[in-house]
Amino acid sequence: MGYMDKYIRFLTKYIKLNSYSCCQPKERRIKQDLEKLNLFVYTDRLGSFSYGYDHPMRPARLRLTYEQVKRYGLIEEENLIEPREPTEKELLWFHTEDYLETLKKADSGILPEDAARYGLGMGDNPVFKGVFQWSLLTVGGSLLAAEFVSSGKSDVAFNISGGLHHAMPSRASGFCYLNDPAIAIHYLLRQGKRVAYVDIDAHHGDGVEHAFYRDDRVLTISIHEDPTYLFPGTGFPHQMGEEAGRGFAINVPVPPGATDVVFLKAFEEIVPPFIEAFEPDILVTQLGVDTLRGDPITHLELTTYGFETMVRWFKMAGIPWVALGGGGYNVEHVANAWAMAWAIMNDMDVPDELRDEPLEREPSEKHLEEVEKTVTFLKENALPLVKKKG
Ligand SMILES: [Zn+2]
């Protein structure tokens, strides 16, 4: 019996994995269409930027991911596409003019005079040579992915450089300068789409939530390490949207030290019922892998099996899918997990070499209870609001 089968037997003591296929009515599922082409958005240029030798964010992880995908024969030349340049107008859908002006100045690598006001130049968000160009590529990649999925040319498009979910309208934050998920979702809204954004990064997807906090056309769901202990300090269950968007911002904190079972419990109790109630046209996912144990800046204990299970659910949901990268500061983990995600997106077998050693540790009862409490709160207070408008 393979590792995965054995581990699934362990997980099913706690998680109803088989119910994962029930969530989309059959007719909403994507039909197999040979004309369609799934896209992997990437250019070698991405790997040439550097946040600084001692910064945890390493753009080189993107090159390593692409190399893993190639090494295991998971990609054809025709799947590969380079990001395009976003226009100023597209950036202005989320960001302010003065912030963009300053970020453009910072591209030289020299700290602009008013940098501090925009969160630039401090430890997390250094000004480095090409910082604006780097950020443009991440946004252009996500826009391209959104265009191909929205037009129906692709069922899935994966921009591994995207998912920079912390950037605010006029402030760099948490290694993120431009908020590519928010801008890509704005594009989708302009095409008349209803968008569900699901963020499984270890950190709260605060910038994306902020963009649509009063908007019922976008459902944002973020599962993350308890913000009492981790940046950015927001993302508590009661922060569930305002005005028309009340009930459409869902936050599920999990305790530090949470394992696959605890994180998956939160996922399976929240993601399927909310997606089913909301009925999105497009699914946008932020696939941060700083949840994996051994990540140097977070305190979660997931394995690739937990990550794989969630990616398989996204695939099974059968909703046109814009997949974005995100956090992940152990570069080997990142390369393996995202190569695995790409294999699943394309119905290919996942090479066992990409998987962790399984960790069959019984979950903490206290962790499960905490998640249960959050789930109950959200199902009582937010789900009825989504159902009513869905
Ligand atoms: Zn993160």
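How many of the 20 residues of helix 5 are buried? Helix 5 is mostly covered, with 17 of its 20 residues buried (20 or more other C-beta atoms within 10 Å of the residue's own, with C-beta atoms placed from the backbone). This is a predicted model, in which local features need pLDDT of at least 70 and side-chain atom pairs count only at pLDDT 80 or more, while totals for chains, interfaces and linings use all residues. Residues are numbered from 1 along each chain as its sequence is written.

**Helix 5**
- Helix 5 comprises residues 131-150; helices (H or I, at least four residues) and strands (E, at least two) are DSSP runs numbered from the N terminus.
- From first C-alpha to last, helix 5 reaches 29 Å, close to the 28 Å expected at 1.5 Å a residue, the expected span being 1.5 Å times one less than the number of residues.
- Gly152, which follows helix 5, has a positive phi near 85 degrees.

**Loop between strand 5 and strand 6**
- Pro232 lies in the loop between strand 5 (218-225) and strand 6 (249-254), and the peptide bond from Phe231 to Pro232 is cis, with omega near 0 degrees.
- Glu243 is also placed in the loop between strand 5 and strand 6; its phi is positive, near 50 degrees, in a residue other than glycine.

**Loop between helix 8 and strand 7**
- Glu279 is found between helix 8 (260-278) and strand 7 (282-286), in the loop.
- Phi of Glu279, a residue other than glycine, is positive and near 50 degrees.

Key. A residue is buried if 20 or more other C-beta atoms lie within 10 Å of its own, exposed if 12 or fewer, and partly exposed in between; C-beta atoms are placed from the backbone.
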